[in-house]
Protein chains: 2
Amino acid sequence: MRVLVLGGDGYLGWPTALHLSDKGHEVAVLDNFARRQYDVELGAESLVPIEDLSTRTDAWHEVSGKRIARYEGDLLDAEFLFGAVRDFRPSAIVHFAEQRSAPYSMIDREHAVYTQHNNVVGNLNLLYAIAEIDPDIHLVKLGTMGEYGTPNIDIEEGWLEVEHNGRRDRMLYPKKPGSFYHLSKVHDSHNIEFACRIWDLRATDLNQGVVYGQQTPQTALDPRLATRFDYDAVFGTVLNRFVIQAVLGQPLTVYGKGGQTRGLIDIRDTVECIRLAVENPAGRGEFRVFNQMTESMSVREIAELVADRFPGPVQIENLDNPRVEQPEHYYNVKHTGLVGLGLKPHLLSDTLIESMFDIVGANKHRVNDERLRPTVRWRGAVETS
Amino acid sequence: MRVLVLGGDGYLGWPTALHLSDKGHEVAVLDNFARRQYDVELGAESLVPIEDLSTRTDAWHEVSGKRIARYEGDLLDAEFLFGAVRDFRPSAIVHFAEQRSAPYSMIDREHAVYTQHNNVVGNLNLLYAIAEIDPDIHLVKLGTMGEYGTPNIDIEEGWLEVEHNGRRDRMLYPKKPGSFYHLSKVHDSHNIEFACRIWDLRATDLNQGVVYGQQTPQTALDPRLATRFDYDAVFGTVLNRFVIQAVLGQPLTVYGKGGQTRGLIDIRDTVECIRLAVENPAGRGEFRVFNQMTESMSVREIAELVADRFPGPVQIENLDNPRVEQPEHYYNVKHTGLVGLGLKPHLLSDTLIESMFDIVGANKHRVNDERLRPTVRWRGAVETS
């Protein structure tokens with residue numbers, strides 16, 4: 001199949017492009033390099049050095065003999081986006097090309113507006129591009145488990161059978177997201193469901209858990225194929241950050257008591273989930289939702305796991321929670337859709353964490369300590385601007 | 001109380017400002033005159049002539065002895081918005097200042113993007129302005145009954161008690177909006193609920209039904225105080241349009257078989273609902289939702305009512321439905337919140353329609369026939385651009 005990966009220069013977009021190419025698909029990546037700009041803005045950097053996109057695609061060709069085409073531009077530029085879709089003629093589009101950090105969206109008004117404008121309008125342009133150019137294109141959209149929040153009932157996959165006053169309906173699962181970033185994904189989901197309804201588009205919305213890990217079989221083939229590894233408090237995800245803190249001999253910083261439970265997924269499962277979704281498209285008019293996660297753990301449990309696995313001493317430090325979220329809550333998530341398509345999860349009880357210690361060890365001279373501490377406060381967003 | 005009415009030059013914003021001023025509140029209006037620009041763009045015009053904003057406020061002063069302050073600018077201009085809120089120091093802000101036509105949002109990609117960008121970012125800027133300047137300000141936000149769509153269960157006021165697999169939670173009512181405009185209001189509602197949660201703001205979200213009528217006791221005091229009366233297929237609401245078609249001797253154009261049922265509200269009740277919400281503010285941290293409608297009717301029933309009341313012969317014509325919506329459906333809406341605050345509804349069985357015939361009769365030389373026919377098609381939005 002011909003697959004266009006939007007945001008294909010990013011943490012997950014790049015390994016996804018490699019995985020799909022490795023499995024025999026014709027792949028192109030599209031990116032505006034916004035993620036690299038956020039590094040400049042924040043004074044942060046990937047722990048593992050990454051190459052520019054053309055070096056990456058050249059290296060992949062050298063290593064695998066396969067080509068990955070490149071489109072460099074912005075989804076907000078409709079003319080560019082329509083041109084790329086017309087030129088590549090994909091049968092599936094994987095959409096990673098959004099600002100994806102909750103803390104970044106909560107820095108201040110400008111960052112909240114930037115996040116919602118960038119994500120919602122980019123996605124709207126994409127829906128129109130698909131509808132106008134080829135409504136048979138399958139949209140595979142990255143959402144987040146954070147769209148759901150932490151309801152006191154089981155979290156289903158996107159839809160909920162509701163019984164109320166003796167009548168029934170199948171409704172979009174009610175969302176209670178926890179940041180302006182998470183809200184942007186909820187807005188996207190509503191817009192996509194509508195587009196499926198009125199234009200008979202086919203879409204898969206992937207509500208992804210917190211991703212951990214930095215290597216896939218393809219990125220490990222050559223240092224030039226490495227994907228980014230973020231450890232800063234704005235873009236770094238929790239398990240990756242704990243691993244880095246352990247290696248540096250710093251305390252693992254748990255927000256609040258760490259009773260917040262989150263869905264998790266190994267980066268190798270992420271890229272495989274995308275492949276499964278792409279190769280098993282939603283039907284015309286179908287808004288299909290999968291919860292793209294493989295297990296749930298509390299933040300405290302994640303910290304204890306990292307401390308337990310690390311060969312040296314590790315301290316756990318509880319910080320005031322900079323976010324506004326429920327400290328302890330019910331959390332039971334259905335995630336059988338992707339398993340039904342064939343996913344064989346890598347669980348945290350595998351050896352992955354040990355390999356992450358090695359990656360961090362080899363790059364620890366690149367860490368800027370100041371970037372590990374949270375600086376963005378949910379309640380304080382309005383005080384700083 | 002000091003009340004700032006955003007969109008105070010519009011169809012409902014202006015009568016609301018007059019009503020609040022008449023009831024003794026200190027009122028200011030803020031507007032960027034976008035609604036007047038849409039007329040220029042579409043070649044349409046209010047059936048009843050309207051004056052510019054400064055003439056309106058001067059006339060109100062002449063008639064009532066009361067002043068209404070004016071702020072002219074755009075919510076997307078955060079510096080202007082923050083300045084206006086700092087300057088006027090309202091205790092409540094009534095927010096009508098959004099693009100409010102479903103067909104307009106469905107014209108093409110540019111209009112969909114414009115609508116969501118304008119509405120979502122304007123509202124986000126407003127949330128930050130309130131949080132930063134005075135989180136005690138009560139936000140009274142205009143939403144729409146169209147956010148809900150037509151679920152097969154009873155429509156509650158914004159929140160739903162869900163029981164699922166033996167557990168319970170109170171959740172935001174699941175929405176299924178019918179246009180990119182309606183979606184923008186759903187996005188707003190989610191953003192506002194979040195702001196109440198993290199910043200302890202106080203907000204009332206008014207899911208308003210289809211408004212009919214053109215006069216309130218205040219606008220009728222002087223021709224210079226008249227509010228707009230839209231009859232075109234893009235901005236005209238259904239009952240107003242039927243009245244005009246009847247007076248012109250044209251068939252009433254029912255989309256499809258007219259089985260679509262909608263909530264309705266008299267313009268005099270709209271302004272009163274706003275007063276009741278303003279004078280009975282939501283609590284700190286409360287996201288309060290009212291369904292601002294007084295009765296439900298199918299489009300066919302509305303057409304038959306107008307035909308029945310009109311003194312001359314009236315034909316009803318069924319057009320292919322340009323929208324994508326359920327032709328027949330369950331529709332049972334709870335709308336007791338505003339009645340609980342004291343609303344005494346004007347129902348359609350009152351004499352209002354007859355007075356509308358007179359208004360239209362006096363202005364029928366101003367009608368441009370071509371504007372009455374639908375030109376925007378939901379499925380066709382992607383074919384025209």
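**Figure 1. The area buried between chain A and chain B.** In this predicted model, about 5300 Å² is buried between chain A and chain B, with carbon and sulfur atoms giving 64% of that area. Buried area here is the accessible area (1.4 Å probe) that two parts lose on being put together, summed over both. On the side of chain A, the residues that lose the most area to chain B are A:Arg109, A:Tyr128 and A:Arg167, together 12% of what that side buries. Residues are numbered from 1 along each chain as its sequence is written, and chains are lettered from A in the order in which they are written. Local features need pLDDT of at least 70, side-chain atom pairs count only at pLDDT 80 or more, totals for chains, interfaces and linings use all residues, and side-chain values use heavy atoms, with hydrogens and water left out.

**Figure 2. Who takes part in the contact.** Chain A brings 57 residues to the contact and chain B brings 57 residues (contact means heavy atoms within 4.5 Å). Between the two chains there are 22 residue pairs in polar contact, both residues at pLDDT 80 or more. A polar contact is a pair of N or O atoms within 3.5 Å; within protein, one must be able to donate a hydrogen and the other to accept it, and residues adjacent in sequence count only if both atoms are side-chain atoms. Among the elements of chain A that each supply at least two residues to the side touching chain B are helix H4 (78-88), helix H6 (109-133) and strand S7 (167-172). H6(A) gives the most to that side, with twelve residues. Helices (H or I, at least four residues) and strands (E, at least two) are DSSP runs, numbered from the N terminus.

**Figure 3. How the two copies are related.**

**Figure 4. A salt bridge within chain A.** Let's look at A:Asp9 and A:Arg36, whose side chains meet in a salt bridge (2.6 Å, N to O). A:Asp9 lies in the loop between strand S1 (2-6) and helix H1 (13-22) of chain A, and A:Arg36 in helix H2 (residues 34-42) of chain A, so the pair ties together parts that are 27 residues apart in sequence. A salt bridge is a side-chain nitrogen of Lys or Arg within 4 Å of a carboxyl oxygen of Asp or Glu. Between chain A and chain B the count is zero salt bridges.
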